Amino acid sequence: MTTSEGQQESAVRSYQIANSQFDVAAGRMGLDRDLGVLIKTPNFEMKAEVPIRMDDGRLVVFIGYRVQHNGARGPHKGGVRYHPDVDMEEVTGLAALMTWKTALVNIPFGGAKGGVNCDPKGLSARELELITRRFTLAIDAVIGPYHDIPAPDVNTNAQVMSWMMDEYSRRHGYSPAVVTGKPISLGGSLGREAATGRGCAIVLREAARDYGLDLKKATVAIQGFGNVGSHAARFLRAEGCRIVAVSDAQGGIANPDGLDPEQVLAHARNAGTVVGAPHAETISNQELLAFDCDVLVPAALGGVITRSNAGQIKAKIILEGANAPTTPDADAMLGRRGVIVIPDILANAGGVTVSYFEWTQNIQQFSWDEDHVVAELTKVLTRAYREVYVLAQKEGVSLRTAAYMIAVQ
Ligand code: NAD
């Protein structure tokens with residue numbers, strides 16, 4: 001798969017994936033049709049121009065999006081993605097996933113998502129800051145600490161969040177609670193940056209007990225070595241797992257005897273890619289998905305596990321670090337083969353859970369220590385996993401369908 005093939009599919013699929021998963025759960029629950037239409041339809045969608053003057057003097061107009069999917073349970077919450085495949089359909093699908101994720105882990109937020117169609121790799125820091133500030137201005141009227149709270153997603157980070165907070169605060173006064181995933185010095189929460197990867201490890205630890213997987217002997221392959229993938233690698237290694245393969249947009253590396261995530265990260269920081277890290281052979285992203293391992297963690301983009309590669313996956317468990325990595329066809333094929341899929345709205349819910357902790361700390365102007373953050377995160381995810389597993393057993397459905405049934409309920 002080339003990068004553009006994978007990304008093209010994700011742009012089309014995340015909306016279809018989220019809706020198809022909702023429909024399966026709604027059908028199983030006998031949900032009233034009218035209610036289903038109402039809660040499936042986004043509350044609000046906006047598309048805005050983001051014009052900026054580039055370093056070479058050209059004026060370029062980027063397009064930004066914000067979709068608020070459902071706000072019945074609290075302020076809308078969801079990340080901001082900078083990527084060439086960002087469009088209304090993709091953002092809407094990702095916003096819907098946030099609605100179901102926040103409901104599943106029972107935190108008082110609704111679902112939202114946003115993004116700017118751009119390729120940050122080709123942008124200077126100044127251009128990135130201008131895009132962020134102009135996008136924040138464009139969505140100023142619809143965001144706010146009690147209305148809609150952005151966070152980092154693909155290609156955005158604590159720096160981008162601090163620009164957003166600063167831009168919003170210029171008009172509304174000091175407002176740290178308008179975004180989460182901020183630097184600690186500006187009101188960020190300890191443990192937020194690593195929370196999604198840590199959450200993946202917490203959920204897998206629970207599932208491993210139920211499905212008879214000994215983590216001390218387990219092998220893991222991870223697609224995507226950004227925020228989610230690199231932290232997942234660190235925490236899974238701490239659980240005793242052997243990380244046998246990892247990849248990023250430029251390719252993958254493997255070592256059946258195990259990679260050292262810290263060493264790979266140090267290499268990636270210098271080289272800009274995991275490819276070429278010491279003590280590893282180079283593999284492609286397709287080879288990574290089919291790599292001989294017990295647990296496969298897709299932690300990059302959506303729509304990467306498809307009808308055409310699901311049959312080659314050797315892992316017994318798929319832990320969805322990314323949003324919507326598995327298409328409905330592939331999901332059904334994996335189910336028939338007995339592969340356990342731990343769905344995105346459960347596996348990667350650690351990030352939004354600690355975002356919720358960050359928001360409450362900002363509102364109360366009080367900071368928690370990291371042990372407290374980790375203990376509360378563990379409590380939330382363990383309870384959510386247990387509820388999903390018990391319902392899946394009781395109803396004879398997949399973990400994904402059980403997770404949606406709880407969220408929709
Ligand atoms: P990131 O930008 O930090 O990292 C993305 C990684 O994916 C990078 O290593 C990149 O090189 C790699 N990648 C991009 N295209 C690829 C391709 N075609 N093949 C293989 N690798 C590719 O982003 P992130 O924050 O780690 O997010 C990753 C996924 O996790 C996304 O689906 C995101 O929506 C989801 N997610 C993130 C968070 C969070 O807290 N950051 C929370 C929940 C879910």
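Predicted model: local features only at pLDDT ≥ 70, side-chain atom pairs only at ≥ 80, totals over all residues.
Tutor: Local features need pLDDT of at least 70 and side-chain atom pairs 80 or more, while totals for chains, interfaces and linings use all residues. Residues are numbered from 1 along each chain as its sequence is written, and side-chain values use heavy atoms, without hydrogens or water.

Student: How many aromatic pairs are there?

Tutor: Rings of Phe, Tyr and Trp (its six-membered ring) pair if their centres lie within 6.5 Å; planes under 30 degrees apart are stacked, over 60 edge-to-face, and the rest tilted. By this rule, the count is ten.

Student: Which kind of pair do Phe357 and Trp368 form?

Tutor: Phe357 lies in helix α12 (a DSSP run of H or I, at least four residues) and Trp368 in the loop between α12 and α13, so the pair ties together parts eleven residues apart in sequence. The centres are 5.0 Å apart with 40° between the planes, and the pair is tilted.

Student: Is Phe357 buried or exposed?

Tutor: Buried means under 20% relative accessible area and exposed over 50%, with a 1.4 Å probe and protein chains only. Phe357 has 4% relative accessibility, so Phe357 counts as buried.

Student: Which residues touch the most other members of the largest nonpolar core?

Tutor: Such a core joins buried Ala, Val, Leu, Ile, Met, Phe, Trp, Tyr and Cys residues through side-chain atoms within 4.5 Å. The largest has 82 residues, and those touching the most other members are Trp100, Leu236, Val246 and Ile342.

Student: Which element gives the largest share of this core?

Tutor: The share amounts to ten residues, and they come from α13.

Terms used: Helix = DSSP H or I, 4+ residues; strand = E, 2+ residues; numbered from the N terminus.
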